[in-house]
Structures are given as C-alpha cells and as structure tokens.
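Reader: I have a structure to study. Can we go through it in short questions and answers?

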Amino acid sequence: MIPTRQSKRDFLAGVFFALLGLGIVAEAQRIPAMTSGGTGLYTWPGLVPSFHGAIVLLLSLALIWRSTRQGGHRLGTGETVFERAGTPFRTMLVTLVLCLAFALVAVGRLPFWLASFAFLSASFIVLGWEEWRDAGTTRRSLVKVLAIAAAVAIGVHYVFQELFLVRLP
Amino acid sequence: MFEGLEAFGRSLAAYATFDAVFTMLWSSLLGVVIGALPGLTATMGVALMTTLTFKMKASEAILVLICTYVGAIYGGSRSAILLNIPGTPASAASCLDGHALAKQGLAGRAMGIATSGSILGTWIGMLALALFTPVLGNVALDFGSYEFFWLAVFGIVISGNLTGGDPLKGWIIGFLGLFVAGIGQEPVHAYIRFTFGFADLSGGISLIPALVGAFGFAEVLAVLGSPKQKAIINAFDSVIPRLKDVFQYWRTIVRSGAIGTFIGIVPGVGEDVAAWSSYAAAKRFSKERDKFGKGSIEGLMAAETGDNACVPGAVIPVLTLAIPGSAPAAVLLAAMLIHGVRAGPMIMIESPQFVYDVVAMMLLASIGILIYGLVLTKALVKVLLVPREIVMPIVFVLCLVGSFAIASRMFDVWVMLSFGVIGYVLRQLDFPMAPLVLGIVLGDLLDKNLVRGLVLAEGDVTAFFTRPICIVLWLLVAAILLSRVPGIESRIRSLAARWART
C-alpha cells in the first residue's frame, strides 16, 4: 500500500502528541505529594495533569497505530509529507512575519495608532502589490490603501480608547 | 408557566428602551457583517466584542454579545448564497442549495428563505430556552462533583466525536485543552504547575486571548495561506421572505428547529453540526429529495433554521450548568463571568430573571436580523467584495486589541500569537478547534470536581460510577468511545445499513 500524505501527517502528529502526553505525565511526577496537611494522596496536584497526559498518550498511540496500518510510518514512500510551498503559503509566511513584527516589535515602542498604521500600510502594500502592478493601478491603489490604513488606525483608537474606554497597548 | 410569562414580560419591558434598541441595532449589524465576511467567525466576533463591552453594564454587554452571536450565524448565509463561500462554518450547508438558487437568478429569494429560516429557528430555540432552562436548572441542582466530572468528560468526548471528521483527533485536542486549563495555580494547595518558572503563566491561560488566537489569528493565516477565490455575485430578485415558503415547509422548520436546539444543548458541538444534521434530516424525510444540492428551498430552509435554533440551544447549558453548547457560547460564558453573572445550577434560585432577560435578548436579536435581512442587501454585497488582503490585516489589529484589552498585559498578546500559530498548524493537520476550546473551558470544572469528589469519597473511585446520573453519563462516554473502535464501528454501520434497507 502506498501511504497517503494524510496518513504520514497523522503518524507525525501522533508521535508528537504521544511525546507531549508522555512529557506531561513525566513532569507531573515531579510535583510533590503535599500530604503533610493530612489530606490523602488524591489531592496531589499532579493527579489531574497525569490523568490528562495519560489519556493524550493513549489516544496518540491509537493514532500512530491507525496511521501505521495505512503505511504512514514509511515517510520516504509516496507523496511528500508537505505539499510544495506555493504562492499562498509564501503569502501566509509573509503575513506571519508582518504580524509578529507588529505585535512583538512595534507595539509598546510606538503609539498604538502609529504602530497599527505602519502595520496596516505595510501589509496592504506587500499583499496587494503584485495584483496592482498587473492591473496597472499601483499609484491609485497605494493612495487608497494608505487612506484605509489611516482611517482604520484612527478609528480603532477612537472607538476603543475614547468611545468604549478600553485601554490600548 | 404564567410565572415564566410574567418574568418574560418584565424582561421585555426592561429592554423596550431607546438605548437597548439602539444597542441591538448596531451590535446585530456588526454581527451580520462579521458573519458575512468569509474568515470572520461568530466565535471571533463574540470574543472581540467581549473586549469592546468590557466597561459596559452586564445587561447591556450580554445584549451586545447575543446580538452579535445571532447576527453572525445569520450573516454567514449571505456569503454562502452570494459567493458560495460560507461566511462562518455554520453556513457551509447553506452553500449547497443557497448558491444553486443564486445561480438560477433567485439569490433574493434564497436570502429571504435564509432570513425566515433564521428568525423561526431563533424563535424555536428561544421557546426551548424559556421552557427548558428552569427545568434543566432544577435537574442541575442534583449535580454534585461526581456528575460534573463526568459531564466535563462527556463534553469533550461528544465534541470530539461530532466536530471535525476524525473523533480520535478531536479527543486528543480536547484532552490537551483540559490540560492547558490546568496550567498555573491549582485549586487545593495553590501549587503552581507547568509554568517552568514563567511568572505570567502562574495565573493560567486566559480563555479570551486563547480563543482570539485560535479562531482569529489562525483564521487570518489560514485565509491568506489558501488560494484566492474569485468573487462572482449574480443578479438577485426581491429579498422579502415569502410566507408561502414558510407554510409549505412548516414541518421541516419545526423539525430543524428541534434538531438545532437539541444539538445546541449538547456540550461543545455547535451550529455547523446543527445545520448539517437538520439538512440531512430534511433530505431524509423530503418528498423532493432529488432537488437537494440543486437549489432546494427546503434544504436551505432546514440548514438556516437548524443553525440559528442552535444559538439559544447552546445558551441553555451555559445558563444551567456553566457548560457551553458551542464555541461562541464558550466566549459568552467567559463574558458572563467577567461581568459578574454567575451561570450554573444556582441560576434559577439566585437570578431567575436573568434567564428571561436572555430570552428577551434573543427576541431582540431576531428582530435585528429581520431588519438587516430586508434592508442590508446592496451594502453588504459591497462589503463582501472588499479584498481579503485588506480585511485580514485589519482583523489582526482587532485580534491584538481584543487579547490585550481584558487584562491590559502583553502576556495575553503572546498567548494570542501562540494559539494562533498552533491553531493554524493544527488546522493543516485536520485537528478540530471546538474540542480544544471546550477543553480550556471545562478544565477547571473537571479539575476541581475530580479532586473534590475524591476527597468526599476518601479516595474511593466507585463513587464516580454508582450514582444514577453518573451511570448514564459514563455509559454514554463508553458507548461513544466503543462505537469508534474499528471492528465495532464497522459492525454498527452494517447494522444501520440493514435497518435502513428494511
């Protein structure tokens, strides 16, 4: 049987979650018993995480078993585990980088309205540039998206901070 | 009976003010727009609105959230009909017949059917909310630690079983959700677990930032990481709902409303399962079965009635057991806690009027969707045509604000980012998100009640298996788990097929 991409993904996910379940159980064993107050072992703070970890481990082993029966453990045969990265995947990665830069670098260092204006402008331009170039509307689209970015940045500031008295970062 | 009607009358009178109607109008509008925009889900809408309503009075804030919730579930039908893209997962079933009708030049009629189905579905669910909440509330008074423990386990098992295509993955992610809820200080000894010396984690992981990440940021990444679909909108006729459609399919409406409400009551299942189940039941009992998928009015009516009936249904366990019936209801529950509303078994004793307030809010929300169903057509089409490259970065800004605003700390933003990335990866691996959410909500309930039950029984685990409600719950859990064991599953399928033939 030639393993499918799904069965390989399930196998890898099963291994990951089995290790995670095992890690949870192992870490829970390091929690002290706390029996000095006269309470029994059943108030042990590691009990519930051990219970969850053990169930995750068992279910993950079932996932590994099922995917192995479908040939998912033969990672080198048949389809690749991940599809070849195309344009949408690259777009997602660019978005992720922009979002992380906004949240982890700009926010807190710049006033929120300015940080969000910069993030929105950069995102609109990066994500739309190719389409504008192909359609020959670069300049017009640029003006439009800068106006939208400014309106949203000021709008968010006004609605949250001034109207609903919610603190912004 | 009459006491209930009297209480409902009082609630209606309390909300018959200019302020309440104005609040209903803007929050329903926001809900409809959020639901209509592909990629923005009801869960995310309700989570974001929770932060916006943070400083409001509880009665006003819950009205905003319910109107947003009802509006978003209805709004999803607009993009399903016009673009063949479900605005929310709940509207996926509406694409089949809704878009087929649109292609025949009947998009207006399809939107009218969606409007009437959604309103009637909300009313059926609302009636159940008014009638069953006091009854279930009284039953819930008999629930002790043992029953609540099993209810939490049952919630995860049924949610994993019904949401997404693979129960095994649903259960894994559900139990991980339970574990995530236990990070931080535990309830008996105040011992700090699984924080690895990271002080911010000692308070635990807040639900709203986690949800905004899993449903908001993950959705932003998923939408922009998928191929672009060309939006083609056909010309449409009148959107005014026709009474003929309602009278002709009244049986389907009542059946779908009942199915939707029931699925709403089941913990953590939600509107998408309600819509598909109502659709499947309508097809099974229809005289026009061959029209399904090709523009069946009955099919669209069933899906829309089912998903909207699920909304009040999902609120019933929120109010009576503090257990959400769907992902948006989980956020609603968190919002109630933030606003000091104590949902749970004591609600019919401590604040029975609040139950009828929620019924009145549902009625107001249904009026909201009627208004926007009639007037918000051309403007909404323009909103639907806004490119996703513009919408999604704006959504991310709102996600960031939404996760920060509750506690004003950057740690919650990091939680949102982490859950967003994890949520995106899990979606790519076909892991459903609803059990994760339910796990995070139910984790504390399970933790406290397992330990409390063991303390009460002095470590004797048989107490968890011998009380009447416990027996029903653990038998259900065992039956669901066993029904998915490969050998047993195929045997059940062959028996069901044999039964269907006879």
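Reader: Which ring does Lys169(B) lie over?

Author: This is a predicted model, where local features need pLDDT of at least 70, side-chain atom pairs count only at pLDDT 80 or more, and totals for chains, interfaces and linings use all residues. Residues are numbered from 1 along each chain as its sequence is written, chains are lettered from A and ligands numbered from 1 in the order written, and side-chain values use heavy atoms, with hydrogens and water left out. A charge sits over a ring if NZ of Lys or CZ of Arg is within 6 Å of the ring centre and within 35 degrees of the ring normal. Lys169(B) lies 5.5 Å from the ring centre, over the face of Phe431(B).

Reader: Which ring has the charged end of Arg284(B) over it?

Author: The charged end of Arg284(B) is 5.7 Å from the centre of the ring. That ring belongs to Phe285(B).

Reader: Which residue of chain A forms a salt bridge with Lys169(B)?

Author: A salt bridge is a side-chain nitrogen of Lys or Arg within 4 Å of a carboxyl oxygen of Asp or Glu. Side chains of opposite charge can pair when their charged atoms come close. For Lys169(B), the closest N and O atoms are 2.7 Å apart, and the partner is Asp10(A).

Reader: Which residues are linked with Lys169(B) in a network of salt bridges?

Author: Across the interface of chain A and chain B, the rule finds two salt bridges. The network holds Lys169(B) along with Asp10(A), Arg66(A) and Asp166(B).

Reader: How many residues does the contact take from chain A and from chain B?

Author: Contact means heavy atoms within 4.5 Å. The contact takes 63 residues from chain B and, from chain A, 61 residues.

Reader: What area is buried between chain A and chain B?

Author: Buried area is the accessible area (1.4 Å probe) that two parts lose on being put together, summed over both. In chain A, Tyr42(A), His52(A) and Phe164(A) lose the most area to chain B, together 12% of what that side buries. Carbon and sulfur atoms give 82% of the total, which is about 5400 Å².

Reader: Which helix gives the largest share of the side of chain A that touches chain B?

Author: Helices (H or I, at least four residues) and strands (E, at least two) are DSSP runs, numbered from the N terminus. Five helices of chain A, α1 (5-29), α2 (47-69), α3 (87-106), α4 (112-135) and α5 (138-163), each supply at least two residues of that side. The largest share is 13 residues, from α2(A).

Reader: Which residues form one aromatic cluster with Phe51(A)?

Author: Rings of Phe, Tyr and Trp (its six-membered ring) pair if their centres lie within 6.5 Å; planes under 30 degrees apart count as stacked, over 60 as edge-to-face and the rest as tilted. Over all chains, the count is 20 aromatic pairs. Phe51(A) is in a cluster with Tyr146(B), Phe149(B), Trp150(B), Phe464(B), Phe465(B) and Trp474(B).

Reader: Is Ser145(B) buried or exposed?

Author: Ser145(B) is found in helix α7 (residues 145-162) of chain B. Leaving aside neighbours within four places in sequence, Ser145(B) is in contact with Asn449(B), Arg452(B), Gly453(B) and Leu456(B). At 9% relative accessibility, Ser145(B) counts as buried.

Reader: Which residue forms a salt bridge with Asp412(B)?

Author: Asp412(B) is buried, at 1% relative accessibility. The closest N and O atoms are 3.2 Å apart, and the partner is Arg409(B).

Technical notes: Buried < 20%, exposed > 50% of the residue type's maximum accessible area, 1.4 Å probe, protein only.
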